[in-house]
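Subject: Structure handover

Hello,

Please find the structure below. My notes on salt bridges and the nonpolar core follow it.

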Amino acid sequence: MHTSLPDFDMPNEEQVHLAAESFRLLSDPTRIKILWALLQGESSVACLAELADAAPSAVSQHLAKLRLAGLVKGRREGTFVYYSAADEHVRRLLTEGLFHADHIDRGESASPAHRAGAVS
């Protein structure tokens, strides 16, 4: 049935696996806080720990996983590493997720006009 649709295209297995892994990593509240902070600008582990209200060692572990998944990147400066979100895709993923959560929280559905905008 779906294969008869002219524009129907399923993602390949690798794409599905990588997307599922990214969503799995985004399912942790501390990681969402860390990523949101990184979308505002580059930051150190100590600063992220304060913003996320988490221990620096826990933030380091979260960052290591997020880095391996390609969601964050690090820049070394002397003995310090400064982290940032990997790219604009991370911003869109997180913004859409938070936008959706905001509308669920308010008991609303997202209209197509609202979906084009930012988190409200």
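By about how many helical turns are R91 and E88 separated in helix α5? The separation is about one turn, because R91 and E88 lie three residues apart in helix α5, which covers residues 88–106.

Before the rest, some ground rules. This is a predicted model, in which local features need pLDDT of at least 70 and side-chain atom pairs count only at pLDDT 80 or more, while totals for chains, interfaces and linings use all residues. Residues are numbered from 1 along each chain as its sequence is written, and side-chain values use heavy atoms, with hydrogens and water left out. Helices (H or I, at least four residues) and strands (E, at least two) are DSSP runs, numbered from the N terminus.

Salt bridges

Side chains of opposite charge can pair when their charged atoms come close. A salt bridge here is a side-chain nitrogen of Lys or Arg within 4 Å of a carboxyl oxygen of Asp or Glu. The count by this rule is five.

R91 and E88 form one of them, at 3.6 Å from N to O. R91 is partly exposed at 30% relative accessibility, and E88 is partly exposed at 43%. (Buried means under 20% relative accessible area, exposed over 50%, and partly exposed in between, with a 1.4 Å probe and protein chains only.)

R106 is partly exposed at 42%, whereas D102 counts as buried at 18%.

Shared partners join the salt bridges of E42, R75 and E77 into one network. Within it, R75 and E42 meet at 2.7 Å, N to O. That pair links distant parts of the chain: R75 sits in strand β1 (residues 72–77) and E42 in the loop between α2 (29–40) and α3 (45–52), 33 residues apart. Both are partly exposed, R75 at 34% and E42 at 43%.

Nonpolar core

A nonpolar core is a set of buried Ala, Val, Leu, Ile, Met, Phe, Trp, Tyr and Cys residues joined through side-chain atoms within 4.5 Å. The largest one has 20 residues, and I34 and L63 have the most contacts inside it. Two or more residues each come from α2, α3, α4 (56–68), β2 (80–85) and α5. Helix α2 gives the largest share, five residues.

Leaving out residues up to four places away in sequence, I34 touches L48, A52, V59, H62, L63 and L66, where contact means heavy atoms within 4.5 Å.

Regards
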